[in-house]
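Trainee: I have a chain open on my screen and would like to go through it with you. Where should we begin?

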Amino acid sequence: EVLGVLAHELGHVRERHGLRALIQGSVVAGLAGAVLGDISALLAAAPAVLLQARYSRDLEREADAHAAAALIASGRSPHALADILERMQRVPGHDAPVLLSTHPATHERISSLRERAGPGSAR
């Protein structure tokens, strides 16, 4: 499970998600400010926040895919990462409202990892 989490985080590093998110956020915020003008900082920021959350969910999916591939390549199953996500999901208040969340819904991530593991895959 720990290897799965580390592989997920390594996926963020290898794909330069931090840099991509910074650039994306700056562009979206700049465009929102230009389109909406100087009405209000809150109004200008709202579209940027919503678009950034969606973009961030896509990066999380990429990192999950990287982790699954790395686990399979090392002879391990993506079930390990799915298992830890299942435990996290049981923590009250774990999932934020999808519209604002920076991560895909946990049940979606678990399903995707289990599919990548394939039927009959060992845990």
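Mentor: Read along the sequence, the chain follows the pattern α-α-α-α-α. Helices here are DSSP runs of H or I with at least four residues, strands are runs of E with at least two, and both are numbered from the N terminus. This is a predicted model, in which local features need pLDDT of at least 70, side-chain atom pairs count only at pLDDT 80 or more, and totals for chains, interfaces and linings use all residues. Residues are numbered from 1 along each chain as its sequence is written, and side-chain values use heavy atoms, with hydrogens and water left out.

Trainee: How many helices and strands does that make?

Mentor: The chain has five helices and zero strands.

Trainee: And what is the mean pLDDT of the chain?

Mentor: The mean is 78, and 63% of the residues reach 70 or more; pLDDT is the predictor's confidence in each residue, from 0 to 100.

Trainee: Which elements have the lowest and the highest mean pLDDT?

Mentor: Helix 2 (residues 17–36) has the lowest, at 67, and helix 1 the highest, at 93. Where pLDDT is low, the predicted coordinates should not be read in detail.

Trainee: Let us turn to helix 5. Which of its residues are buried?

Mentor: They are Thr106, Arg109, Ile110, Leu113, Arg114 and Ala117. Buried means under 20% relative accessible area, exposed means over 50%, and partly exposed lies in between, with a 1.4 Å probe and protein chains only.

Trainee: Now His66: buried or exposed?

Mentor: His66 counts as buried because its relative accessibility is 18%. His66 lies in helix 3 (residues 41–73) and touches Ala7, Leu10, Gly11 and Arg14, not counting residues up to four places away in sequence. A contact means heavy atoms within 4.5 Å.

Trainee: And Val2, buried or exposed?

Mentor: Val2 has 60% relative accessibility and therefore counts as exposed. Val2 is found in helix 1 (residues 2–14).
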